[in-house]
Amino acid sequence: MGKTTGFMEYARKENGNFAPLERITNFKEFHPFLDDKARREQASRCMNCGVPMCQSAIRLAGMVTGCPLHNYIPEWNDALYKGQYDMAAWRLLKTSSFPEFTGRVCPALCEKACNLGSTESSDGSVTIHDNELYIIEHAFESGYMKPEIPKTRSGKKVAVIGSGPSGLAAADWLNRRGHSVTVYEREDRAGGLLMYGIPNMKLDKKIVERRINLMKEEGVNFIFNADVGRTFSAEDILNNYDALALCCGAKKARPLSASGVEKLLPAEKGGLMFAVDFLTRVTKSVLSLGEAEKAFGSDLVITNKNIALSLEKKGLFIEGKDVIVLGGGDTGNDCTGTAIRLGAKSVTQIEMMPKPPLVRSPDNPWPQWPKTLKTDYGAEESIAKFGHDPRVFKTTIKEVYSEGGKVTGIKTVQVEFRMVDGVRKLVEIEGSEKELPADLILVAAGFLGAEEYPAKAFDVELGQRGTVLSENPSSYATKNPKIFTAGDMHRGQSLVVWAISEGRECAKQIDEWLMR
C-alpha cells in the first residue's frame with residue numbers, strides 16, 4: 001500500500017468523456033486520459049485490502065464478483081502510485097493477456113467489488129479500469145512492450161479456430177509455452193468481435209492490429225479468410241496438428257419473431273439486420289477509408305459523411321432514417337451510438353426488461369454486480385441530440401409494417417413477466433400497443449449459441465444452450481482428446497474478460513495434454 005491515506009485524500013476521478021455533441025462528429029475514441037500526477041493519485045487510493053474482493057472472482061448467491069483473470073490489482077496499483085511503470089506492467093501482464101482491450105471495453109467487475117465502493121457514503125471504488133489502461137498504454141509508449149519470442153520450441157503444433165478474445169488468449173499463451181500456433185480466422189482481419197463487433201469509438205481498431213502485429217512477431221501464424229468447415233477442411237487441420245482449440249464464438253443471433261417479418265426483403269434491402277452484421281459493415285467502411293487516408297496522406301477522409309456514403313454505395317442507408325434498435329444491452333447501445341454518428345433522424349431502443357432501479361435493491365448487495373440503471377454513451381448521445389432517452393422498457397416489437405418488402409414502421413406492445421399456471425411467462429399488457437415509424441430495425445436481442453457448422457465439421461456436440469459440450473464444467477476438452485473449446489463457444493455469450501480467461505485456461509489444459 002503506497003499511501004496509507006490515499007483513499008481519504010483523493011476522491012474518485014475517472015478519465016471522463018468528450019461532450020456528447022462533440023464526440024458524435026467522428027468515430028474516434030472519446031475518453032481523454034488523466035495526466036500522470038492525477039493517475040498516480042488515483043492509484044494511491046487502493047488500500048491493499050486484507051481480502052481484495054476486486055481480484056477474487058468468487059461466486060456469491062449465484063453471481064460471480066471480482067476479476068475473472070484474478071489480476072494482482074493491489075500490486076500494480078501500488079507500483080503505479082510509486083511511478084514504477086515497468087513493475088506495474090509486469091504484474092499486470094502476469095495474469096492479463098490484453099489489458100489494452102479490457103481497459104477499454106470491460107465493464108469492470110473488479111470496481112464493483114472494490115471495498116471502497118461497499119457503501120453509498122464512500123467516495124467510490126478505485127479507478128481500476130482506467131489505471132489498467134494507463135499502465136498498458138504507458139508500456140507500449142515507453143518501449144516496454146517488445147516481442148517475447150520463445151527461446152525453445154516444443155515441436156508441437158496447435159490450431160486455433162477463431163481469433164476473438166478467447167482464441168487470441170489461447171494462441172498467445174500456447175505460443176509463450178513454445179508450441180507452434182496457427183490461428184484460422186474466417187474474416188479478413190483478426191480480432192473477432194473485438195474487430196467487427198465493437199465500434200471504433202469504443203475500441204480503436206489500431207489497438208487490435210497493434211496486438212496482432214506483436215503476436216505475429218512473437219511467432220503466432222494467422223490465416224485469414226479461412227472459414228473452417230466451409231472453405232477450409234476441418235479434416236486436414238485435424239490431421240496436421242497435434243491439438244486444436246475451437247474458439248468460434250456464439251454468433252447465432254436470436255431472430256425477431258414478429259408478424260410481418262416474413263414479408264421483408266433480405267437484410268439491408270428490407271431494412272431488418274442483425275446488430276453484429278450492421279456493426280461489421282460500418283467498421284469495414286471505417287477501415288477501408290483509413291487505408292484510403294494513408295494512401296492520400298490526408299486526415300479528412302474518415303468522416304461520418306464519408307462512412308455513410310460508403311455504406312450507401314453498398315445499399316445501407318442511415319442518414320435521415322428512423323432507426324429501431326431491439327435490445328438494451330451493450331450491443332444495442334453500440335448500435336444507437338453508431339446510428340447517431342451516421343445521421344439517423346431518430347433512434348429508439350426497445351428493451352424487453354423493466355427499467356432497473358437507480359440504487360441497489362436489498363437482494364442485490366455489494367459485492368455483487370449492481371443491477372441498477374446504467375446510461376451508457378449511446379443513450380447519453382441520444383439524449384444530447386434528440387432531447388430524450390432512446391430506451392423504451394418493458395416493450396417488444398409485435399408487428400412489422402412494410403411496403404414492397406421494405407420496413408415502414410412497427411407496432412410495439414408492453415410486456416411483463418407473470419406467473420401463469422405456476423410457470424413464469426412473458427405476457428402482453430392489454431391496450432399498450434403503439435405504432436412507430438421505422439426505416440431500419442437492428443436486432444440486438446442476444447445470441448442462441450454457436451453456429452452449428454464448425455461444430456459439425458469437427459464432430460463435436462452442442463448442448464441445449466448451443467455451446468460445445470466438454471467433459472465437465474471445469475474442463476475445456478471435448479469427446480475428441482485432440483479438440484478443446486473456449487470462450488463464448490464454450491460458456492455462451494459473455495464478456496471479453498471472461499473470453500480471455502477461458503482462452504488462457506483452455507491453453508493450460510492443452511499444454512498439459514500435449515506435454516503429458
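Two strands pair if DSSP finds at least two bridges between them. Helices (H or I, at least four residues) and strands (E, at least two) are themselves DSSP runs, numbered from the N terminus. Strands E11 and E12 form it, with 2 residues between them. Gly 404 sits in the turn and has a positive phi of about 60°. E11 covers residues 395-403 and E12 covers residues 406-420; the two run antiparallel and are joined by 8 bridges. Within this pair, Tyr 401 stands opposite Gly 409 in E12.

A word on the model. It is predicted, so local features need pLDDT of at least 70, side-chain atom pairs count only at pLDDT 80 or more, and totals for chains, interfaces and linings use all residues. Residues are numbered from 1 along each chain as its sequence is written, and side-chain values use heavy atoms, with hydrogens and water left out.

Next, strand E6, residues 243-246. Buried here means under 20% relative accessible area, exposed over 50%, partly exposed in between (1.4 Å probe, protein chains only). Both faces of E6 are covered. Ala 243 and Ala 245 are buried on one side, Leu 244 and Leu 246 on the other. In a regular strand the side chains alternate between the two faces of the sheet. E6 also has strand partners. Strand E3 (residues 157-161) runs parallel to E6, joined by 4 bridges. There, Ala 159 stands opposite Leu 244. Strand E16 (residues 483-485) pairs with E6 in the parallel sense over 3 bridges. In that pairing, Leu 246 stands opposite Thr 485.

Another strand, E9 (residues 346-350), holds Gln 349. Is Gln 349 buried or exposed? At 2% relative accessibility, Gln 349 counts as buried.

Now the helices. H4 spans residues 73-81. Because 7 of its 9 residues are buried, H4 is largely enclosed by the rest of the structure. Among the buried residues are Ile 73, Trp 76, Asp 78 and Leu 80. The buried residues of H4 pack against helix H3 (36-43), helix H5 (85-95), H7 and H8. After H4 comes Gly 83, whose phi is positive, near 80°.

Helix H8 contains Glu 132. Glu 132 is buried, with a relative accessible area of 6%. Its side chain makes a polar contact of 2.7 Å with the side chain of Thr 102. Not counting residues up to four places away in sequence, Glu 132 also touches Asn 71, Trp 76, Leu 92 and Ser 96, among others. Tyr 85 is 47 residues from Glu 132 in sequence and 11 Å away in space, C-alpha to C-alpha.

On a 1 Å grid over the protein atoms alone, a cavity is a set of points where a 1.4 Å probe fits but cannot get out, and a pocket is an open set with protein on both sides within 12 Å along at least five of seven lines; lining residues have an atom within 4 Å of a point. Grid points are joined across faces, edges and corners, and a volume is the space filled by probe spheres set on the points. The structure holds 4 cavities of 30 Å³ or more. H4, H7 (109-113) and H8 (128-142) each supply at least two lining residues, and H8 gives the largest share, 3 residues.

The second largest pocket holds about 670 Å³. Of its 24 lining residues, Leu 93, Lys 94, Thr 95, Arg 176 and Arg 504 lie nearest the centre.

Definitions and conventions. Contact = heavy atoms within 4.5 Å. Polar contact = N/O pair within 3.5 Å; in protein donor to acceptor, adjacent residues only side chain to side chain.
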